[in-house]
Every structure is written in structure tokens, then in C-alpha cells.
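Hi,

Here is the structure I promised to pass on. Have a look at it first, and my notes on what turned up follow below.

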Amino acid sequence: MATPPASPPPPLPPPPADASASPSTLKRTRKATRLRSLATRPPGAERPVVNVDPATGKADGPHKKKLRTYLGIVARDKVDVTYDTWKEVPTAQKDLIWEDIQAEFEILEASDSRTKKKILQIVGERWRHFKSDLTRKWALGADKDSADDIVCEKYGISKEKWTQFYQTRRDPSWEHPGRVRAVGAGVTIKQYFGSASQTSHSSSSMPPEDLEQLTQQIRDQLEESITEKVTRKMMESFSQMQSHFQS
């Protein structure tokens, strides 16, 4: 009588999850990985076609949302957070960013120089918002020792750059709402722009695109300053409440 063939061995169990990684940490890592995967097309795949209004930078078409997401990824991954302003980012680096965007998307209006300018302005806005989030959530909203590994792993920021950014945001002189940081410490908005009549005269001779960029820069700086002050006040109130209940 023939011996029946031996049954195949049972499949090996899946490898255990890293016990040291909390569910929230794994979730954050998966999210960052998922966002970065949008920036990589399969080999040979055609670029998504997007229409962009050269006058406004507004995208249209079925891939407009993907373009907006990608611009946020570029802002986080390609621009150093230790620059004080978007204007300080070298022109050569901005040109490379524009090339990266065109490598991922076929922008039909790319030959119009206004399209490049508007798209890069959007990248600059996303970059400023990213720095505001880093400031609110991590530089002011968490202990540095607990935030170091999370921030560096999640956003791909070196510890040296993160420490520099953190120390800058923790410096009380940085958040003064009357300072124009782009022109140095101690310079107030009134000193920078002069009196109302001087401002009116000088702004009338300023090119519209430069005036728009300057206005956006001031708006972003004020927004950052207000956000950080509110966060700091909340942290102080929370600490006082903790001390009160523990006493």
C-alpha cells in the first residue's frame, strides 16, 4: 500500500509588530509614507495633465487635487525650514523645484512664465504654513526631547536643522509681533515702511507682483506670531492648572 504524500508545512506566522512603536507613531509614519508615494510615478507612466491659470495659479482638471497635494510635499521635502523667508530660498533651488513639478505633471501652460511664478508662490505659501504647523504643534506644543525623533522621522528633517529651528522659535525675540524678521532684529514695521504718506507713495511705484508678495509675507508673519502667542498662553494656563491641582 502506497504511503500518502506528506502534507505541506503550515505557513509561517507574520513577523510580530515592533512592540516599541505605538499605534499613533505607526499611523503618523504610514501617513508620511503615503503622501510621499504620490510623488513617484510608475516607470513609463504618463504624467497627469493639469491646466493652470497663469494669472491666478489655480489648477483645473481631474488631477488638480493631486497637484495641490504634491506642492505641499515639495514644500516640506525640498525647502530648508531654517530659512527665515521664502525670498531667502536660492533661485537655483526654486528652479529645481519647478523642474521636479514638471517632471511629475504635464502642465499645459508651463511655457507661460507667469505659471511658474504662481506655482512657486503656492509652494512658498505651503512652506510657510508647514513652518507654522511645526512651530505650533512641535516647537511650542511639545517637549523637545519627545518631539525630536517624531519630527525628524515624520518630516525627514535632520536633527541639526530641527534643533536650529526649535531654538529660533523658542527665542522670545523671534516672536515679537512688531518686528519685520526679513530685514533683521529690532526693525519695526513702521520703521521699515515709514509713515503712511511715504508708504502710499512708495507702494504706488512698486510692481504689483512685488507688492503682493510683500503683503503675503507680512500676513504670514502676523499669523505665525498670533498663533504662537495663543499657544504659549494656553500652555502657561495649563501648567498653572496642573500646579493648582497638584498642590
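Let me start with the inside. The largest nonpolar core holds 21 residues, and V52, L67, L71, W86, I97, I101 and V123 have the most contacts within it. By nonpolar core I mean a set of buried Ala, Val, Leu, Ile, Met, Phe, Trp, Tyr and Cys residues joined through side-chain atoms within 4.5 Å. Buried is under 20% relative accessible area, exposed is over 50%, and partly exposed is in between (1.4 Å probe, protein chains only). Two or more residues of this core come from each of strand 1 (49-52), helix 2, helix 3 (91-104) and helix 4 (113-139). There is also a second, separate core with 14 residues, including A139, A142, A147 and Y155. As background, nonpolar side chains in soluble globular proteins tend to be buried together.

Before going further, a word on where this comes from: it is a predicted model, in which local features need pLDDT of at least 70 and side-chain atom pairs count only at pLDDT 80 or more, while totals for chains, interfaces and linings use all residues. Residues are numbered from 1 along each chain as its sequence is written, and side-chain values use heavy atoms, with hydrogens and water left out.

The overall layout: the protein chain has nine helices and three strands, in the order α-β-β-α-α-β-α-α-α-α-α-α along the sequence. Helices (H or I, at least four residues) and strands (E, at least two) are DSSP runs, numbered from the N terminus. Of its 247 residues, 30% count as buried.

Now the charged pairs. The whole structure contains six salt bridges, a salt bridge being a side-chain nitrogen of Lys or Arg within 4 Å of a carboxyl oxygen of Asp or Glu. In general, side chains of opposite charge can pair when their charged atoms come close.

- D80 and K161 form a salt bridge at 3.0 Å, N to O. This one links distant parts of the chain, with D80 in the loop between helix 2 and helix 3 and K161 in helix 6 (residues 159-170), 81 residues apart. D80 is partly exposed because its relative accessible area is 23%, and K161 is partly exposed at 29%.
- D95 pairs with K116, with the closest N and O atoms 2.7 Å apart. That also joins distant parts of the chain: D95 sits in helix 3 and K116 in helix 4, 21 residues apart. D95 has a relative accessible area of 28%, so it counts as partly exposed, and K116 is partly exposed at 26%.
- R136 and D133 meet at 2.9 Å, N to O. Both are in helix 4, three residues apart, about one turn of the helix. R136 is partly exposed at 31%, as is D133 at 28%.

What sits together in the patch of positive charge on the surface? That would be K58, K64, K65 and R68. Patches are made of residues with over 30% relative accessible area and no salt bridge, like charges being joined within 9 Å and nonpolar side chains (Val, Leu, Ile, Met, Phe, Trp, Tyr) within 5 Å. The areas come from the Shrake-Rupley method with a 1.4 Å probe, and for residues only the protein chains shown count as cover. Lys and Arg count as positive and Asp and Glu as negative, with His and the chain ends not counted; the place of a charge is NZ of Lys, CZ of Arg, CG of Asp or CD of Glu. K64 belongs to helix 2 (residues 64-78) and is partly exposed, since its relative accessibility is 33%.

Over in helix 5 you will find I150, partly exposed at 23%. The C-alpha atoms of I150 and W138 are 9.4 Å apart, with the two residues twelve apart along the chain.

Cheers
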